[in-house]
Amino acid sequence: MGKKFWGALPVDTQSGSADELTATTDTDAIDRQITLESIGQLMTLAKGTTFPKFAVVFLAAAAHYDRVPLPGLMVASLVMLVGILYQEMLARGFLAKEVSADKVMRWERRLVRSWLYMGTCWGIVIASLYQADSQVQQIFLVTIALALGTGNIIPAHYCLPLFHVYAAPIFIALGGSFIYQAVATSAPLYAVLAVVMVWVYLAGSGFARILNQSLRDQIRMRLESVSLSRELSKERREAEQATQAMSRFLAAASHDLRQPLHALSLFIDVLRDASSDEERAKLFPRVQLSLDALRKLFDALLDISRLDANIIKPDYSHFDLQPVLLALAEEYRAEAEKKQLELRLWTSPAVVVSDRLLLERILRNLIGNAVRYTDRGGVLVGCRLRQDRVVVQVWDTGMGIPEESKDDIFLEFHQLHNVHRDRNQGLGLGLALVRRLSALLQLPLRMNSTQGKGSLFEVVVPRGNSALVESGFGKPVNRRWELAGRHVVIIDDEVEILAAMKTLLGKWGCKVTAAASLAEAREALALGDQPPELVLSDLRLRDGESGVDAIDALRREFGDHLHGILITGDTDPGKLDKVAKSNYEILQKPVRPAQLRTTMHNALPGKSV
């Protein structure tokens, strides 16, 4: 290992989660997408309409060549032709570019300004060409105005503001001319015509609004249909992947469970035929190793089930992370030295806010993996302080992770460098737990690795408040409970488990009432003279009876001071979530005697000594 690695903590690397997804659910974003599609349709229709627009301008000019000076007609026509050419260029430019929804509003503003320009030009032309003494000219201008104004409903179908900015100047110019003539000639009919122009404008505006809303609704429905189709396809792929992952999970779990069970069955057969106490004494450690392997696997599987069922609830507090890192480094130092690895710690006092125990489990798994899968060089645990966060990094100089396997390492039972499933190299569940715990605590988890050089795992933790750090956290409490004489009710429909539990609790000095059902428990308790203090019940009892209901029933009879503990072998997240809502302590089978005794101590705090 070179000095470059240990001389200073390596710089941050840009890395991110492989599961980063982007979804657009914002209403404004959807509206912009609809506007993009509607304007796109309008631009497609508008492209190539330059000649018809020119024709209308020349027609209007030709109709007034003998009443308006030629230079004036030419200037007006040129000004309008410039606007028409700009609209043509605007349509071609829009269609030539891949306009995104984020930039469509800019194009819409350009479009509205071009139509406002043309509408204003037509309004000025109509007001200028209006001839009070020529009914033929008036009829011509009314026809042109109505054709232009109401014809603009079609563009407004795609972009509603276009109707107002284009038609309003035209109808204002014509209506104003009618009012002027009504005043000048005292002819009320022209005032009526002015009112009609207002009515035509309002009617056209309402019709354009209806058409525009209808088009936008159609586009919205189509976009939602496409989005729903994509979502369904995504969910189908996820379901297929989940099914495949579950198949791989069950296959790997089945293999890892069968191995120690097979060894255990062989040792028991040998133990049964052993001819001497000395031979049996040699076999017991091997039996214990097989039992420990089973226990570790079951514990890991149950942890995953509890996380998937949302049973584990974080207990947030403010604490100094440095002692946690120091303790973890010492925990793995002997293992590192055994492999001739250098385990270094680069840290300083850093107060964070999180669940201390769960964060410690995340870091323990990361450091343990780094030591386990590094054969030369070393492991560096670093702690970087940022403004509002603390970045904990675990570097190693191991084999690294291939690019194609960077997502797979977080799957259950997936081990890159343990194809033979050697249990001494772990179970392949550590990173699966790390991913779930990080998601539970909402801590960003990042990984970067170079094959053949090493890996980096980092967890980002929020900074805490040093004033809120609890003093004395983790100090052992010198207190001991005695179970002798405590009345415990055991309910389990398995005869062997009931007998084993009764024997174990009897050795602890408990007064035990054992029953296979709630009815049997009631009968036995009715004959006794000491009220029960604790109920240990299996979750699944006979005839569909639930341990939750059994404990509830006994609490109603003997009082709310009666404590209850549920023992279950269920791992289904849905069932565990429902059981968690009962607020009873839950123990997962197989239960170690020490774990059972500790849980009973916590449930019976009344007689501490």
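V488 sits opposite V512 of strand β9. Keep in mind that this is a predicted model. V488 and V512 give us a way into one of the sheets.

The pairing here is between β8, residues 487–491, and β9. The two strands run parallel, and five bridges join them. Now widen the view. What is the strand order of this open sheet? It reads β9-β8-β10-β11-β12, five strands with parallel pairing. At the edges are β9, 511–515, and β12, 585–588. Each of these two pairs on one side only. On average, neighbouring strands are turned by 20° against each other, ignoring direction.

Then there is a helix. α14, residues 495–507, packs on this sheet. It touches β8, β9, β10 (534–538) and β11 (563–568). The direction of α14 makes about 175° with that of β9.

On to the other sheet. Its five strands also form an open sheet, ordered β2-β4-β5-β7-β6. Parallel, antiparallel or mixed pairing? Mixed. As a reminder, strands of a sheet pair through backbone hydrogen bonds, in either the parallel or the antiparallel sense. The edge strands are β2, 342–346, and β6, 445–450, each with pairing on one side only. From one strand to the next, the twist averages 10°.

Look at β4, residues 378–385, and β5, residues 389–396. These run antiparallel, joined by seven bridges. In that pair, V379 faces D396 of β5.

Which helix packs on this sheet? α11, residues 321–338. Its contacts are with β2, β4 and β5. The direction of α11 makes about 175° with that of β2.

Methods:
Residues are numbered from 1 along each chain as its sequence is written. This is a predicted model: local features need pLDDT of at least 70, side-chain atom pairs count only at pLDDT 80 or more; totals for chains, interfaces and linings use all residues. Side-chain values use heavy atoms; hydrogens and water are left out. Two strands pair if DSSP finds at least two bridges between them. Helices (H or I, at least four residues) and strands (E, at least two) are DSSP runs, numbered from the N terminus. Axes are lines fitted to C-alpha atoms, for helices over the stretch in contact, and angles run from 0 to 180 degrees between N-to-C directions. Contact means heavy atoms within 4.5 Å.
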